[in-house]
Amino acid sequence: MEDEEIQQINKRLESDGIEASASIELKLRYVWRKLCQTEEQLQNNTQEINDTNERHFNEKSQLEDYLQHCQTLMNEFQEYTVEMAKAKQSNMNQQTRLSPHSMAKSEMTISTPLARNRSAFSSPSSSFSSPYISPREEKYRDITNTSKSSMDSVLANIKLEQVQCYNEELKEK
């Protein structure tokens with residue numbers, strides 16, 4: 001058994017350039033250097049794995065925070081959509097009660113400065129403008145006329161845009 005091990009050691013040493021006839025001291029020094037190099041590589045690799053795990057944990061935490069933020073935005077968006085639908089329905093009910101002349105007058109006069117600023121972002125075909133809708137939300141105000149599957153598609157697109165923006169921000173860092 002020991003002879004087989006010695007033969008394997010000698011074969012390995014010969015493959016590494018140390019002759020079998022070399023002195024035991026030379027072989028021992030060679031093995032010692034190999035052991036020290038291997039231990040150093042192991043320490044370096046262990047440190048690299050630890051660093052990578054820490055980075056992964058931090059990125060995972062950031063991603064979870066971002067996904068939570070996206071979920072909050074989606075919930076807010078859905079709440080705004082419901083509010084807009086109610087307000088639009090209310091506006092439509094009110095418009096049916098108004099004469100064409102008074103309806104045009106009510107659309108032209110916007111009472112609050114916030115509402116005046118919002119009207120600058122509305123499309124020419126819009127028949128509804130609200131003082132509590134941001135320009136970004138106003139962009140999606142016509143979504144209330146779409147079906148449930150279209151709404152899900154729009155929400156998925158918004159989420160995709162937000163993830164892409166987040167990825168771009170991470171690349172810049």
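Let's start with something this structure lacks: it holds 0 disulfides. A disulfide is a covalent bond between the sulfur atoms of two cysteines. C70 is tucked away, and it counts as buried because its relative accessible area is 1%, under the 20% cut-off. C36, on the other hand, is partly exposed, with a relative accessible area of 30%.

Before going further, keep in mind that you're looking at a predicted model. How confident is the predictor, on average, in the protein chain? The mean pLDDT is 76, and 68% of the residues reach 70 or more. Among the elements, helix α2, covering residues 24-97, has the highest mean pLDDT, at 91. The lowest mean belongs to helix α4, residues 113-119, at 43.

Now for the overall layout. Which kinds of secondary structure make up the chain? There are 6 helices and 0 strands, so if you walk from the N terminus, the elements run α-α-α-α-α-α. Of the 173 residues in the chain, 18% are buried. The chain exposes about 13700 Å², and carbon and sulfur atoms supply 53% of that.

Time to zoom in on helix α1, which spans residues 2-15 and includes N10. Where does N10 reach? Setting aside neighbours within four places in sequence, N10 is in contact with A20 and K27. With K27 there's a polar contact too, running from side chain to side chain at 3.0 Å.

Stay in helix α1 and look for L13. Is L13 buried or exposed? It counts as buried, because its relative accessibility is 4% and the cut-off for buried is under 20%. Not counting residues up to four places away in sequence, L13 touches I18, K27, Y30 and V31. V31 sits 18 residues along the chain from L13, and the C-alpha atoms of the two are separated by 8.7 Å.

Finally, let's talk about charge. Side chains of opposite charge can pair when their charged atoms come close. How many salt bridges turn up here? The count comes to 2. One of them joins R12 and D16, with the closest N and O atoms 3.5 Å apart. R12 counts as exposed, because its relative accessibility of 53% is over the 50% cut-off. D16 is partly exposed, at 31%. Another salt bridge links R29 and E25, whose closest N and O atoms are 2.8 Å apart. Both R29 and E25 lie in helix α2, 4 residues apart, which is about one turn of the helix. E25 is partly exposed, with a relative accessible area of 49%.

Terms used. Residues are numbered from 1 along each chain as its sequence is written. This is a predicted model: local features need pLDDT of at least 70, side-chain atom pairs count only at pLDDT 80 or more; totals for chains, interfaces and linings use all residues. Side-chain values use heavy atoms; hydrogens and water are left out. Helices (H or I, at least four residues) and strands (E, at least two) are DSSP runs, numbered from the N terminus. A polar contact is a pair of N or O atoms within 3.5 Å; within protein, one must be able to donate a hydrogen and the other to accept it, and residues adjacent in sequence count only if both atoms are side-chain atoms. Contact means heavy atoms within 4.5 Å. Buried means under 20% relative accessible area, exposed over 50%, partly exposed in between (1.4 Å probe, protein chains only). Accessible areas come from the Shrake-Rupley method with a 1.4 Å probe; for residues, only the protein chains shown count as cover. pLDDT is the predictor's confidence in each residue, from 0 to 100. A salt bridge is a side-chain nitrogen of Lys or Arg within 4 Å of a carboxyl oxygen of Asp or Glu. A disulfide is a pair of cysteine sulfur atoms within 2.5 Å.
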